Amino acid sequence: MMTASGVAGGLVDRFVMVAPTTAEPISLGMRTNDDDWTITSGVGRTALLVALGRALESRRSDALIDDPFAEKFVAAAGEPDLLPDAIGESARDNPAMARMLDFLVDMMAARTLRIDEAVVDANTERCRQVVILASGLDARAARLPWAPGTAVFEVDQPAVVAFKDTVLAAEGAASTSTRVGCDLRDDWLTALREEGLSETEPTIWLAEGLLPYLRGADQQRLLSTISSSAPVGSVLVFDTAPAGTELSGFDTDATVDFGVDVADLLFESSEFDAQTCLTDQGWQVTGDSIADILAAHGRGDDRDDAPTAMARAVCLSTAYRAR
Ligand SMILES: C[S@@+](CC[C@H](N)C(=O)[O-])C[C@H]1O[C@@H](n2cnc3c(N)ncnc32)[C@H](O)[C@@H]1O
């Protein structure tokens with residue numbers, strides 16, 4: 001098990017689009033404090049890519065997860081080159097891309113499975129309220145077997161929420177959550193309160209694939225806001241990985257294969273450590289690396305390459321509000 005000090009705050013999904021090389025360190029800081037995006041642009045595109053990972057994993061005969069909505073979201077984005085068959089075809093002639101695709105699928109399998117398990121456990125035991133921050137194309141609200149009376153809230157940028165609304169409505173999916181279009185650098189808590197969030201109810205909070213896309217100060221504010229609204233018994237699941245500067249060994253050009261320039265999505269590296277911050281605020285934090293989770297499910301990987309190293313470094317943490 002990785003403990004609170006296992007890894008520094010960093011990146012997860014942005015890594016899936018890069019490949020090992022001896023290239024120059026990537027330049028960071030193309031983001032701005034008030035930038036926004038759609039499902040196919042900027043940070044929004046990462047939601048599409050992780051949905052692609054879940055779609056490809058769901059197709060495997062030995063799949064660890066089954067997300068029937070993932071492929072629908074990818075199809076609705078209107079980019080034929082991103083469809084699972086097409087991307088598999090492109091990767092066939094591009095070993096670096098194929099390796100990244102492998103890593104994406106493995107990471108999404110491990111991450112989705114572990115978070116699903118944590119959510120179902122906490123929901124069964126005590127938490128009847130769920131807040132999915134940076135919900136992107138996460139279909140848990142529709143996929144998981146919620147205990148009766150569970151309220152699910154989802155927050156993401158307005159255009160991402162609108163895309164999700166449209167696709168789920170077209171699929172005839174029952175409305176199982178309250179979706180809020182809001183920037184998580186703004187006053188998202190007020191927006192949730194207005195939608196009926198209870199701050200006395202033990203709650204499951206998810207921040208999957210989010211922290212890497214926030215500045216250190218914004219991560220700190222977000223976690224403190226959660227802490228201020230999460231009574232004892234609440235659970236927060238989040239992922240972290242090495243800081244941006246540690247990406248200097250990876251070729252961001254490979255990201256272009258997935259239609260995004262990863263360097264544009266990163267803020268400058270920060271020393272912020274989410275695990276330590278939460279421990280200081282009364283949470284008990286434990287975690288496992290993606291590699292450990294995969295190995296526990298027979299998907300171990302001893303390749304000596306950058307994706308394997310990243311799978312060992314990326315940590316999926318569960319924080320329990322003890323006081
Ligand atoms: C890699 S995706 C993860 C989506 C989802 N959690 C999942 O794992 O499928 C990152 C998500 O974070 C959202 N996001 C990042 N920064 C945000 C911000 N400041 N405000 C709202 N959403 C944000 C993006 O719109 C995108 O949906």
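Mentor: Helices are DSSP runs of H or I with at least four residues, and strands are runs of E with at least two. In this predicted model, the protein chain comes to 11 helices and 10 strands.

Trainee: What makes residues 44-59 part of the story around the ligand?

Mentor: Those residues form helix 1, which supplies 4 residues to the shell around the ligand, the largest share. The shell has 21 residues, and Ala 47, Ala 134, Gly 136, Leu 184 and Gly 209 are the closest.

Trainee: How many residues of each class are in that shell?

Mentor: There are 9 nonpolar, 6 polar and 6 charged residues around the ligand.

Trainee: Why is Arg 54 called buried?

Mentor: A residue is buried if 20 or more other C-beta atoms lie within 10 Å of its own. Arg 54 has 28 within 10 Å, so Arg 54 is buried. Arg 54 is placed in helix 1. Across the protein chain of 323 residues, buried residues make up 48%.

Trainee: Which residues does Arg 54 touch, leaving out those up to four places away in sequence?

Mentor: Arg 54 touches Ile 65, Asp 67, Ala 70, Met 108 and Thr 112. Contact requires C-beta atoms within 7 Å. As for Asp 106, 52 residues from Arg 54 along the chain, the C-alpha atoms of the two are separated by 9.0 Å.

Trainee: What share of contacts between residues at least 6 apart in sequence joins residues at least 24 apart?

Mentor: In the protein chain that share is 79%.

How values were computed: Residues are numbered from 1 along each chain as its sequence is written. This is a predicted model: local features need pLDDT of at least 70, side-chain atom pairs count only at pLDDT 80 or more; totals for chains, interfaces and linings use all residues. A residue is buried if 20 or more other C-beta atoms lie within 10 Å of its own, exposed if 12 or fewer, and partly exposed in between; C-beta atoms are placed from the backbone. Two residues are in contact if their C-beta atoms, placed from the backbone, lie within 7 Å. A residue is near a molecule or strand if its C-beta atom, placed from the backbone, lies within 6 Å of it. Ala, Val, Leu, Ile, Met, Phe, Trp, Tyr, Cys and Pro count as nonpolar, Asp, Glu, Lys and Arg as charged, and the others, Gly among them, as polar.
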